[in-house]
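Hi,

Here is the structure I said I would pass on. Have a look at it first, and my notes follow below.

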Amino acid sequence: MTSPSVTTSKPQAAAAPAVPPAFSTSAHDAGLLLLRVVLGLTMAGHGTQKLFGWFGGGGLSGTGQFFTASGYPAGDAMAVVAGLTETLGGLGLVLGLLTPLAGAAVVGTMINAIAVHGAGAFFAPKGIEYELLLTVAAAAVALTGPGKYAADRFLPVVRGHRLAHGLLAVALAVVIAGALLLVRN
């Protein structure tokens, strides 16, 4: 018999760990850092080819001629825009600075690169696999966030990365890239 003043309590179940044991937050952050650095340096390198002719690039003059031949109006201005977008977007990814916008800059640029390159094949050298991989990687970083090894940790607006930031940035990239493709002959 139990008296009304005595209560029995059921044993409490152990609290589930916040992070599954097979998943390491530091490994996740290190993986994002590696992805950001390689993707960002690759894009910044492409941008400096366009802006300065580094790494065997055409510089503003050669890149402007390419944009004109590809049907874009004001080829020289497009060379500046593409060069700055790739360089600054790439460096933003490397630093993890304004990551959703940096990723979106790469996404928008690469959408145009895919359109110019054409979708005649998937595999290189005539296919779009390289451009598609860069596009998807940049979108993934914009959506996922930079991880903890990033300058964004010090900016109140993007410190707590939200999926909404990444979605809005990628949507903006798609809209701007589409607008540029509409003015292309």
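Predicted model: local features only at pLDDT ≥ 70, side-chain atom pairs only at ≥ 80, totals over all residues.

Is Thr109 buried or exposed? Its relative accessibility comes out at 14%, so Thr109 counts as buried, the cut-off being under 20%. Leaving aside residues up to four places away in sequence, Thr109 touches Thr85 and Glu86.

The axes of α3 (residues 75-95) and α4 (residues 99-117) come within 8 Å and cross at roughly 140 degrees. Roughly antiparallel would need an angle over 145, and α3 and α4 are therefore oblique to each other. The crossing of α3 past α4 is left-handed.

Which residues make the contact? From α3 they are Thr85, Glu86, Gly89, Gly90, Gly92 and Leu93; α4 brings in Thr99, Ala102, Gly103, Ala105, Val106 and Thr109. By type, the residues of this contact split into seven polar, four nonpolar and one charged.

Now for the annotation. The UniProt entry, which is unreviewed, lists residues 104-125, 132-151 and 163-183 under "transmembrane region". Here is how two of those spans look in the model:

- Residues 104-125 are 64% helix and 0% strand, with the end C-alpha atoms 25 Å apart.
- Residues 132-151 are 65% helix and 0% strand, and there the end C-alpha atoms lie 27 Å apart.

Cheers

Methods: Residues numbered from 1 in each chain as written. Heavy atoms only, no water. UniProt positions renumbered as here; feature names shortened; annotations may be inferred. Helix = DSSP H or I, 4+ residues; strand = E, 2+ residues; numbered from the N terminus. Axes fitted to C-alpha atoms, helices over the stretch in contact; angles between N-to-C directions. Parallel < 35°, antiparallel > 145°, perpendicular 65-115°, else oblique. Left-handed = near helix turned anticlockwise from the far one by under 90°. Contact = heavy atoms within 4.5 Å. Nonpolar A, V, L, I, M, F, W, Y, C, P; charged D, E, K, R; others polar. Buried < 20%, exposed > 50% of the residue type's maximum accessible area, 1.4 Å probe, protein only.
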